[in-house]
Amino acid sequence: MLALRSLAFNLCFYAMTTVLAVAGMPTLIAGRSVLRLARAWGRATLWLLRVVAGTRVEFRGLENIPPGPLLVAAKHQSALETLALCTILPDFAYILKKELLLIPLIGWYLSRSGMVAIDRSKGTRAMSAMNAAAGEAIRKGRQLIIFPEGTRRPVGAEPAYKQGLSHLYVALNVPCLPVALNTGLFWSRNSLVRRPGTAIIEFLPPIPPGLPRQEFQALAQERLETASNALVDGGLAGLAAAGNPVPAAEAPAAAAPRR
């Protein structure tokens with residue numbers, strides 16, 4: 001049953017994504033209005049997950065989201081949070097690899113929606129370009145989303161935070177909103193299986209601007225790791241109780257020691 005529901009969801013998801021990408025091409029003319037299409041895509045995906053795969057997404061801590069421009073620092077275990085966050089934040093912009101802009105059609109949408117693309121091959125020059133683009137997004141009142149570890153990480157993996165988060169925190173001088181989650185238990189990063197249950201995305205209390213860089217980095221990591229580990233532990237227990245445990249092959253670090 002799990003395999004069949006996962007297959008059905010994946011077929012529906014990719015078909016829906018293709019239809020929206022083609023039908024939504026006229027929105028490319030209107031620049032950032034393509035964000036409305038992205039929100040529709042995210043909401044449709046969450047609906048498909050719930051109805052077809054039996055996977056619900058619960059958002060916690062919505063009252064912690066302050067108005068105005070923000071630096072949003074989210075754990076990254078899955079593609080699920082990438083889709084889900086755009087349904088909550090009203091004027092979001094992701095920090096992403098420049099290579100994604102080269103993907104046919106998808107890259108056009110990313111470019112027109114004002115995402116902040118980083119060319120990692122340029123080394124330190126990439127940081128200056130990121131600062132300029134990020135500053136422009138903040139001046140427009142947007143919510144700038146960064147995954148502090150740079151890429152999706154296995155559930156329970158040892159933290160691997162980059163300095164880009166603290167660099168932006170100091171440069172932008174806006175609150176940082178940490179986002180903890182356990183989505184990798186339900187939408188694994190290297191698997192087509194979609195497990196039934198409730199994935200949780202939790203907005204933690206924002207960290208005000210003005211802290212010393214290293215103090216902020218340590219605080220943000222501690223909050224994200226502590227909250228995400230608690231959500232993962234609860235999610236693992238729930239999956240086991242429902243008879244849908246995460247195989248070790250898919251989450252090799254799920255039992256890694258907490259630090």
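Select Glu225 to begin: this residue is buried, with a relative accessible area of 8%. Buried means under 20% relative accessible area, exposed over 50%, and partly exposed in between (1.4 Å probe, protein chains only). The model is predicted: local features need pLDDT of at least 70, side-chain atom pairs count only at pLDDT 80 or more, and totals for chains, interfaces and linings use all residues. Residues are numbered from 1 along each chain as its sequence is written, and side-chain values use heavy atoms, with hydrogens and water left out.

**Salt bridges**

Lys75 lies in the loop between strand E2 (70–74) and helix H3 (80–85), and Glu225 in helix H7 (residues 213–241), so the pair ties together parts that are 150 residues apart in sequence. Lys75 is buried too, at 8% relative accessibility. A salt bridge is a side-chain nitrogen of Lys or Arg within 4 Å of a carboxyl oxygen of Asp or Glu. Helices (H or I, at least four residues) and strands (E, at least two) are DSSP runs, numbered from the N terminus.

Next, show Glu149 and Arg153. Their side chains form a salt bridge (3.5 Å, N to O). Glu149 is buried at 5%; Arg153 is partly exposed at 22%. Through shared partners, salt bridges join Lys75, Glu149, Arg153 and Glu225 into one network.

Then try Glu136 and Lys140, another bridged pair (3.8 Å, N to O). Glu136 is partly exposed at 35%, and Lys140 is partly exposed at 46%. The structure holds seven salt bridges.

**Cores**

Select Leu71, Leu144 and Leu168. They have the most contacts inside the largest nonpolar core, which has 63 residues. Helix H2 (residues 34–53) gives the largest share of this core, six residues. Another core, of six residues, lies apart from it; Leu28, Leu37, Leu105 and Tyr109 are among them. A nonpolar core is a set of buried Ala, Val, Leu, Ile, Met, Phe, Trp, Tyr and Cys residues joined through side-chain atoms within 4.5 Å.

Centre on Leu144. Beyond neighbours within four places in sequence, its contacts (heavy atoms within 4.5 Å) include Ile95, Val116 and Leu172.

Move to H6 (164–172). Seven of its nine residues are buried, so the rest of the structure largely encloses this helix. His167 and Tyr169 are among the buried ones. Just after H6, Asn173 takes a positive phi of about 55 degrees. Is Asn173 buried or exposed? Asn173 is exposed, at 53% relative accessibility.

Now go to Leu105, in the loop between strand E3 (92–97) and helix H4 (106–112). Its phi is also positive, about 70 degrees, although it is not a glycine. Leu105 counts as buried, at 18% relative accessibility.

**Strand E7**

Select Phe203 in strand E7 (residues 197–203). Phe203 is buried, at 1% relative accessibility. Among its contacts are Phe59, Leu85 and Leu177. Ala74 is 129 residues away in sequence, yet 8.9 Å away in space, C-alpha to C-alpha.

**Confidence**

Finish by colouring on pLDDT, the predictor's confidence in each residue, from 0 to 100. The protein averages 89, and 93% of the residues score at least 70. Over residues 254–259 the pLDDT is below 50. Where pLDDT is low, the predicted coordinates should not be read in detail.
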